[in-house]
Amino acid sequence: MKGPAPMSRRLLAPALPLALLLPLATACGDGGGAAGGSPSKTVTVTVGYQSKTINTVTAGTLLRSLGYFEEELAARGKKEGVTYEVDWQDYATGAPITAQMTAGKIDIGSMGDFPLLLNAARGKELKQPTSLVSVTGYNLRGGLSTVVTAPDSKLESLADLRGKKVSTSVGSAADGTLIRALQRAGIDPDKGVQKLNQQPSVGASALQAGSADALSQFVAWPGQLAFEGRAKALYDGAELNLPTFHGVTVRQKFAGERPGVVDDFLRAQRRATDYLRAQPVAAAESVGKETGLPPEVVYLYNGANGIATFDPELRPELIAALKEDVPVLKGAGLVGDVDVDAFVDPAPLKRAVQEPGYPKAGAVKSELWLRGRTATASFDSPKELLKAARGAEVRAAYVPDAVTGTLWFADKAVWVADGTELRAFVTPAGAKGWVGQHPGARVVGYEDAVGLAS
């Protein structure tokens, strides 16, 4: 397993005389320390995040780069006479964050819905209970995970995976999508495929090497591999039509000792969410710089019409979906019973953020990102986008799937000419399904679609 990236601490000292700063003690081992504070107290808050799981950026990568949490803590430290440090720890998946939280070494973490349930279960088992306090990014249909295959693969639908080798990270949100999708296709997820339990980067390499026939992963891996021409979509998780999301979990002991710090984190997360929603292109450029991911891929998920919608609110439909995830994890032998209602704690968010949640996202529009531009142009239909893209210096073009609404790269989508209309699909199976139900419709290539639109 890939270890964490080098840890980063940011010192947030209040404005105290030098004589008072000299005897400052170092932070407690569990990152929390006792409640309250004194001029000789240093408190370390340890945050576990996944830099490349980019629909958690408002609680991780983007939040860290903006410095909002440090600003909130600096103000608190000045009032309390306490020096706060933030120790950011970066991981590839949610599992190691949970391991560190149950060991009392991480105070606040962000991860996907399936890992959140594992977090709840392990925390209770190991006497280090945790609580879900906010959401980062979500997709109400389940489009945050995608199954992809090699660009030259002959596989055309999920049914073709029977007996094949499929890489995923067991216990992750992407694994949950794979399990449900296989079940709907009439394939036993345990015996019908050869599941390879691999980290995302390992699975991507296995797909490229041919040792895996398909890869089921969460953001941003499917989009990145497609953008780079190293994979094509086989199954859009939004076909499940079940909400998926990532969220923020805290150790209950830490939250009890320092509720104000949890409030500060949630206020900072809300500020980061405001920034992302107001300046999606700038946010994508920033996250790309911090992670090494192409900003065009970041925007696919986090943009104005991106696959992920960002809102900290613990929406009822998301909590209901989390409850539906429990039987899937139980069936896989990964958890026993999980009391979701006891795990979800809406009180800190209500206390910290007085503003109501954002309005629900409307219809997904097509977007065109031209080179040299700091904003994208939106279009009501894929056909209008194709007209605008012809002859232009395109950095990236995005179109929604005609059925699921999942945004995808226009030049990687499967296009269907249906009379005078041009419709885009994430997968060949989606396009084939449309053609089968609409006489006269036909699959066309991207260049042909551009020509037909003009």
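These legends describe close-up views of a predicted model.

**View 1. The largest nonpolar core.**
This core holds 75 residues. Val45, Ile54, Phe69, Phe265 and Trp415 touch the most other members. Helix 10, residues 259-278, gives the most to this core, with 8 residues. A second, separate core has 28 residues, including Ala120, Ile179, Leu318 and Leu322. In soluble globular proteins, nonpolar side chains tend to be buried together.

**View 2. The largest pocket.**
The volume of this pocket is about 560 Å³. Its lining counts 27 residues. Those nearest the centre are Gly306, Thr309, Ala361, Gly362 and Val364. Strand 5 (130-139), helix 10 and strand 12 (309-310) each supply at least two residues of the lining. By class, the lining has 14 nonpolar, 10 polar and 3 charged residues.

**View 3. The second largest pocket.**
Here the volume is about 400 Å³. The lining is made of 24 residues. Thr93, Ala95, Leu118, Val170 and Gly171 lie nearest the centre of this pocket. Helix 4 (95-102) and helix 5 (113-125) each supply at least two lining residues. The lining divides into 9 nonpolar, 14 polar and 1 charged.

**View 4. The largest cavity.**
Rolling a probe the size of a water molecule over the atoms shows where empty space is left. In the whole structure, a search finds 1 cavity of 30 Å³ or more. About 120 Å³ of space lies in the largest cavity. The lining has 14 residues, and Arg180, Leu242, Pro243, Thr244 and Asp325 lie nearest the centre. Helix 5, helix 6 (173-184) and helix 13 (316-331) each supply at least two of the lining residues. Helix 6 gives the most, with 4 residues. By class, the lining divides into 6 nonpolar, 4 polar and 4 charged.

Thr61 lies in helix 2, residues 61-66. Thr61 counts as buried because its relative accessible area is 5%, and buried means under 20%. A polar atom of the Thr61 side chain lies 3.0 Å from the backbone oxygen of Ser51. Not counting residues up to four places away in sequence, Thr61 touches Tyr49, Gln50, Ser51, Val287, Glu290 and Thr291.

Gln198 is found in the loop between strand 8 (194-197) and helix 7 (200-209). Its relative accessibility is 18%, so Gln198 counts as buried. The cut-off for buried is under 20%. The side chains of Gln198 and Ser167 make a polar contact, at 2.6 Å. Gln198 is in contact with Ser167, Thr168, Ser169, Gly203, Ala206 and Gln217, leaving aside neighbours within four places in sequence.

**View 5. Asp380 and its contact with Lys365.**
Asp380 sits in the loop between strand 14 (377-379) and helix 16 (382-389). With a relative accessible area of 60%, Asp380 is exposed. The side chain of Asp380 makes a polar contact with the side chain of Lys365, at 2.4 Å. Glu296 is 84 residues apart from Asp380 along the chain. The C-alpha atoms of Asp380 and Glu296 are separated by 20 Å.

**View 6. The peptide bond between Val219 and Ala220.**
Most residues other than glycine have a negative phi, and most peptide bonds are trans. A cis peptide bond joins Val219 and Ala220. Omega for this bond is about 5°. Ala220 lies in the loop between strand 9 (214-218) and helix 8 (221-227).

Lys127 is not a glycine, yet has a positive phi of about 60°. Lys127 is placed in the loop between helix 5 and strand 5. At 73% relative accessibility, Lys127 counts as exposed. Asn241 is not a glycine either, and has a positive phi of about 55°. Asn241 is found in the loop between strand 10 (232-236) and strand 11 (244-251). Its relative accessibility is 45%, so Asn241 counts as partly exposed.

Methods
Residues are numbered from 1 along each chain as its sequence is written. This is a predicted model: local features need pLDDT of at least 70, side-chain atom pairs count only at pLDDT 80 or more; totals for chains, interfaces and linings use all residues. Side-chain values use heavy atoms; hydrogens and water are left out. A nonpolar core is a set of buried Ala, Val, Leu, Ile, Met, Phe, Trp, Tyr and Cys residues joined through side-chain atoms within 4.5 Å. Buried means under 20% relative accessible area, exposed over 50%, partly exposed in between (1.4 Å probe, protein chains only). On a 1 Å grid over the protein atoms alone, a cavity is a set of points where a 1.4 Å probe fits but cannot get out, and a pocket is an open set with protein on both sides within 12 Å along at least five of seven lines; lining residues have an atom within 4 Å of a point. Grid points are joined across faces, edges and corners, and a volume is the space filled by probe spheres set on the points. Ala, Val, Leu, Ile, Met, Phe, Trp, Tyr, Cys and Pro count as nonpolar, Asp, Glu, Lys and Arg as charged, and the others, Gly among them, as polar. A polar contact is a pair of N or O atoms within 3.5 Å; within protein, one must be able to donate a hydrogen and the other to accept it, and residues adjacent in sequence count only if both atoms are side-chain atoms. Contact means heavy atoms within 4.5 Å.
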